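Colleague: I am new to this one. Could you take me through the links between its side chains, and tell me how each gets its label?

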Amino acid sequence: VQLQAFGGGLVQAGGSLRLSCAASGRAFSDYRMGWFRQAPGQEREFVASLTRTGFTTYYADSVKGRFTISRSNAKNTVYLQMNTLKPEDSAVYYCAAGNRIGNTRDDFDAWGPGTQVTVSS
């Protein structure tokens, strides 16, 4: 599966952004989907994921209550709605697809090229 993320940009603290990730290739609904992020000089970290049906979601503690992950299997797209953004949310955001249970980088096999999110204070 090939992935392409969209929707990054510059936003003020307290604002919102919605990221989208379009998938092509193998059946999108076969994959668990996730979002990760990487700030300069830091490791890539888990943000959110959801199951193939989208019924079950998982979040990092740092974004719980502010970010919402969702998917449309009809549109082969996964979304990340980010509200109440903070400067520490600034990073390159990557979408990922996988078939294993878990939320580490090793649990996801396919990665998109990433989209930059910058939150100004």
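**Salt bridges and a disulfide**

Modeller: Keep in mind that this is a predicted model. Start with Arg-37 and Glu-45, whose side chains form a salt bridge at 2.6 Å, N to O.

Colleague: What makes Arg-37 and Glu-45 a salt bridge?

Modeller: The cut-off is 4 Å between a side-chain nitrogen of Lys or Arg and a carboxyl oxygen of Asp or Glu. Arg-37 and Glu-45 have N and O at 2.6 Å, so the pair counts as a salt bridge.

Colleague: Which residue forms a salt bridge with Arg-66?

Modeller: Asp-89 does, with the closest N and O atoms 2.8 Å apart.

Colleague: Why is Asp-89 called buried?

Modeller: Its relative accessible area is 1%, so Asp-89 falls under the 20% limit. Arg-66 is buried as well, because its value is 10%.

Colleague: Which residues are linked in a network of salt bridges?

Modeller: Arg-37, Glu-45, Arg-66 and Asp-89.

Colleague: How do you know that Arg-100 and Asp-109 form a salt bridge?

Modeller: Their closest N and O atoms are 2.6 Å apart. The limit is 4 Å, so the label holds. Arg-100 is partly exposed, because its relative accessibility is 38%. Asp-109 is partly exposed too, because its value is 48%.

Colleague: How many salt bridges does the count come to?

Modeller: Six. The pairs above are among them.

Colleague: And the cysteines? Why are Cys-21 and Cys-95 called a disulfide?

Modeller: Their sulfur atoms are 2.0 Å apart. The cut-off is 2.5 Å, so the pair qualifies. Cys-21 belongs to strand S3 and Cys-95 to strand S9, 74 residues apart, and the pair links distant parts of the chain. The count comes to one disulfide.

Colleague: What kind of bond is a disulfide?

Modeller: A covalent bond, joining the sulfur atoms of two cysteines.

Colleague: What makes the disulfide of Cys-21 and Cys-95 right-handed?

Modeller: The torsion about the S-S bond is about 50°, so the disulfide is right-handed.

Colleague: Are Cys-21 and Cys-95 buried or exposed?

Modeller: Both Cys-21 and Cys-95 are buried.

How values were computed
Residues are numbered from 1 along each chain as its sequence is written. This is a predicted model: local features need pLDDT of at least 70, side-chain atom pairs count only at pLDDT 80 or more; totals for chains, interfaces and linings use all residues. Side-chain values use heavy atoms; hydrogens and water are left out. Helices (H or I, at least four residues) and strands (E, at least two) are DSSP runs, numbered from the N terminus. Buried means under 20% relative accessible area, exposed over 50%, partly exposed in between (1.4 Å probe, protein chains only).
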